[in-house]
Amino acid sequence: MQTEFTDKEKAIIPIAAFTASGNIDMLKMSFTKGLEDGLTVNEIKEILVQLYAYAGFPRSLNGLAAFMEVMNEREANGIKDTVGKSSSPLPTDKTSLEFGTANQTKLIGAPVSGALFDFSPQVDEYLKAHLFGDIFERDVLTWKEREIATIAALANISGVNSQLASHYNISMNNDITPAQLQAFVKVLEQECGAVIADNAQAVLDQVLSAK
């Protein structure tokens with residue numbers, strides 16, 4: 001059983017967390033560390049794009065603008081970073097809603113329904129078609145890496161503990177062990193402080209105790 005993330009996986013945590021909170025100064029430092037720890041330019045872009053679904057377009061766009069500044073500075077200093085692969089073409093034999101529904105079911109481990117989605121069918125369709133279809137179908141990041149980014153972002157947004165708990169469970173369906181989640185909280189404490197980490201730990205304790 002894996003107990004730690006790789007350096008590359010750990011580097012996702014502060015990038016996602018500081019994108020979500022809007023701490024641009026810390027985010028810029030996280031970009032540099034992430035590139036040094038093996039993240040490609042396209043992988044970092046992909047993290048920032050995905051996070052619009054969890055932290056909103058303003059945070060995502062601010063993060064992309066900050067990353068562009070960092071890349072311009074590094075290029076001016078003669079630093080050549082690995083661009084990395086682009087996403088493979090999305091399937092054309094199914095709609096975004098069809099493959100998104102399949103992706104969501106696989107990620108979570110069961111079909112998703114409920115009173116909230118009955119109350120607002122539109123949000124159910126948007127989640128399935130766009131987030132789990134158009135975004136999660138892209139292969140620049142693995143689903144494990146996407147879940148690391150998601151829990152890091154949610155942990156650094158106040159008032160979303162129910163979503164954080166849900167994604168802890170989704171993470172454990174996608175190659176993240178309970179021991180790695182404990183290690184995740186320790187990285188949060190180092191990067192974001194005790195208040196954020198204590199809340200993330202409390203939510204994790206609840207999730208693991210229900211297993």
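In which hand does α11 pass α12? In this predicted model, α11 passes α12 in a right-handed crossing, meaning that the near helix is turned clockwise from the far one by less than a right angle. Residues are numbered from 1 along each chain as its sequence is written. Local features need pLDDT of at least 70, side-chain atom pairs count only at pLDDT 80 or more, totals for chains, interfaces and linings use all residues, and side-chain values use heavy atoms, with hydrogens and water left out.

The protein has 12 helices and zero strands, where helices are DSSP runs of H or I with at least four residues and strands are runs of E with at least two. Its C-alpha trace spans about 55 × 45 × 35 Å along the principal axes. Buried residues (under 20% relative accessible area, 1.4 Å probe, protein chains only) account for 43% of the 211 residues.

Back at the helix pair, α11 and α12 (residues 194-209) pack at an angle of about 165 degrees, their axes 7 Å apart; axes are lines fitted to C-alpha atoms over the stretch in contact, and angles between N-to-C directions run from 0 to 180 degrees. The two helices are therefore roughly antiparallel, a label for angles over 145 degrees.

Asp175 has a positive phi of about 75 degrees although it is not a glycine. Most residues other than glycine have a negative phi. Asp175 is also exposed (over 50%), with a relative accessible area of 60%.

Conventions. Parallel < 35°, antiparallel > 145°, perpendicular 65-115°, else oblique.
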